[in-house]
Amino acid sequence: MQATHYHATYMPRTHGWTQFLSHRVGDWIRLALLFVASIIILAPVVWTISTSLRTPAESFSVPPQWIPVRPDWTNYVEVFKRVPFGAYVVNSFVVTGSVVLGQLLTASLAGYAFARLQFPFRGVLFWLVMATVMIPLQATIIPVFVLISSLGLADTLASLILPALPTAFGTFLLRQYFMSMPNDYEEAALIDGANQWQVFYRVYLPMATPGLAILTVLAFNSHWNEFFRPLIFLSTNENFTLPLGIVTLFGYLGTGSVSVVLAGVVLSLIPVLVVYTVGQRYLIEGIAMGGLKG
Amino acid sequence: MAALGVSSARPRQLGPIGWLTEDSLAGMARRKALLGYTFLLPTMLGILVFTAGPVVVSLGLSLFEWNVFDAPAFTGLDNYTRFATDGRVLIAFLNTAKMVGLAVVLELVLAFALASGVQRTVRPALRYFFRSAYFLPLLTSAGTISIVMAYMFHGQFGVINYYLGLVGVPRVPWLESAQWALISVVLVYVWHRLGFTFIVFSGGLGNLPKEVLEAADVDGATGWRRLWYITLPMMSPSILFAAVTAVISGLQIFDEPFVMVRGGPGDASRTVVMLIYESAFKNIELGYAAAIAAILFLVILLVTAIQFRISKALVFYQ
C-alpha cells in the first residue's frame, strides 16, 4: 500500500504531565477496544475450527470449547463419506483456476491494447467496457442462464467459467499498469528486431507482474467463494463447487452433526488462508484501487 | 524517380496484404491497430455475449410472460403493474431498504473507528495484527460462513446467547423472530464486509496531508472538533466511495438471508435478489423476475448517478 503514515513522524503535542497521562490512558483504552474488536471478528473462524474437532455428539454443547483438548479428527473423514467432498474440491479448483488464468489472459490483452496500442474508437470501446461495472449480476443472469442452457452447458463447470472470463476491473487495473510504463522499451525492442507481439509478451507483460498478482488474488477470492451462480447453474451433486456443496450438506444434516459440516467449512478455508498469508499485500492494494469482485 | 516521395507511395509488389506488412511507419501503425482489435476481441466478445447483450435481453424480457416451456407472450407493462398487487415485492424492497440502511451505517461507523484506531497505533506488529484480523472475514465465503453464523446465532444452543446469558441478557430469538432475523442477517453481512470499508478508510487516512493535520494541532483543534471540521471533510472522497459501494452491495444481499433463515421467518428477511431468484428459478416466471431485476438495476444506476453528482459538488479534493 502506498499510504504514507504520518503518525510515525508526527504525534499530537502534549502539554504538561496531566495531559500526557490522559494520552496514555486514552491509548490503552483505544488498544483495548481494538483488541476486543479483533476478538469478536476472529471468533467465528476460531469457533469453526475448534468445533470441527469435537465429536458430533458434543459439538453443540455449551460452554464452547475454544481450545480442543482431545481433538476428534473423524469429522474430516466423515465429511468425505457423507457427500462427494473430493469432487467439490476438484470442481472448485477447476473453476477458480480457469477463471483466474482466463481473466489474466483477457485482461492483460485488453489492458495492453487500451494503454499502448492506437486504433480508431479506442476511447469509446474503453468506456463501453467500464460501463459494464455498473450492471449488477441479477440484471443479466436470466438471459445468461437461458443461453447457457441452450448451449447445453447447464450443470457443467463451463457454465461458471465462460461468463466470468471478461473482466472490466481487471482490464482497468492492467491498463493502469501498462500506461505507467515508458515508451523507450518499445523503441529499443523494435530496433533489436522484436515484433509487436514480442514487445507485449516479452517486454511489457513481465513489468505488469504486480498488477497480475492483484488480479489473481482478487479473482481467486471472489470465485472460490462464489455461491449465487453455482446455485443457479449447477444441479448435480457431483458437479457442485465447495460453497454450494457445503450449504447443501448443511441443508440435510441441519443441526444434527454440526461438527461434520464445520469440518467441510474448515477444509474450504485452507486455500483462502494460504492466499491470505501469501497475497495479503496484493489484496489490500487491489481493494484500495476499488476492486473486490475479480 | 524514386528519390523523392518514396514513403508516401505504396509499393505494389508486396502482394495482397502489402498494406499490412509494408515496412514503413504507416504499415507499423496499421499492424498496431490490427493487434489492438485482436487483443480486445476476447474481452469485447465476452462482454457482448455475457453482459451487454443479456442486459438488453433482460430488459426486453421484462415485457413478456415466459415459463420456458411455452413461447414468450408479450404482455407490455403487466409485469410492472403486477408489483402493485404483489405484496411480497413491496416487502422485499422494504426489507432490502432496511438492511441497506442498517448495514451502511454500521459498516461505515465501525470501519472508520477501527481504521482511525489502527492509524494511531504506532507499533508495526500491532498494526499488522489488527489489519489482518479485520479483513480476514472478507476472504471467507458468505455462503459457508452463513452456516457457521446460523449455528452461532441459534436461539437455544448458540454460542452468542450462551455468552449473553452469562452477563444476564435473556435469550434473544436471533433467527426465530421477524425483527431479529433481519438484524442477524445484517450483523453477519457487516461482519463479512467490514474489512473492505476498513481498508478503504485506512488508505484514505494514510493519505491525509500531514501539514493540514499539524496546522490543526497548532491551532488547538483536538478531539471531536478536529474529527468534525478537519478529518471528516478531508476524508469525504473515501467516505463517498465507501458509502456508494456499501449501498450497491447491500442492495444485492442474498447469501446470508438465503442460507441462515431462507428469507424467513415468513418473509421477514426476504430480499429483492431472493425474490428474483425464486421468481426465475423456482416459480419459472422469467419475465416477472426480469422486471424485478430491472427495478433493482434502475436503483443501482440512480445511486451511481447520485454519486457522480455529489463527488462533483461536495467533496474535498486536494
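Where pLDDT is low, the predicted coordinates should not be read in detail.

A word on conventions. Residues are numbered from 1 along each chain as its sequence is written, while chains are lettered from A and ligands numbered from 1 in the order in which they are written. As this is a predicted model, local features need pLDDT of at least 70 and side-chain atom pairs count only at pLDDT 80 or more, whereas totals for chains, interfaces and linings use all residues.

Turning to the make-up of chain A, we find 14 helices and 0 strands, helices (H or I, at least four residues) and strands (E, at least two) being DSSP runs numbered from the N terminus. Of its 294 residues, 42% count as buried; a residue is buried if 20 or more other C-beta atoms lie within 10 Å of its own, exposed if 12 or fewer, and partly exposed in between, with C-beta atoms placed from the backbone. Among contacts in chain A between residues at least 6 apart in sequence, 76% join residues at least 24 apart.

Chain A is also divided into domain 1 (11–75) and domain 2 (77–288), with bounds that come from an automatic or database domain assignment, and the C-alpha centres of these two domains lie 33 Å apart. Their contact takes 11 residues from domain 1 of chain A and 12 residues from domain 2 of chain A, and helix 1 of chain A gives the most to the domain 1 side, with 3 residues.

Between the chains, the contact takes 79 residues from chain B and 72 residues from chain A. On the chain B side, the largest share, 22 residues, comes from helix 2 (residues 25–61) of chain B.

Finally, helix 14 (residues 286–313) of chain B has 28 residues and reaches 40 Å from its first C-alpha to its last, close to the 40 Å expected at 1.5 Å a residue, the expected span being 1.5 Å times one less than the number of residues. The buried residues of helix 14 of chain B include Leu286(B), Tyr288(B), Phe297(B) and Ile300(B).

Terms used. Contact = placed C-beta atoms within 7 Å.
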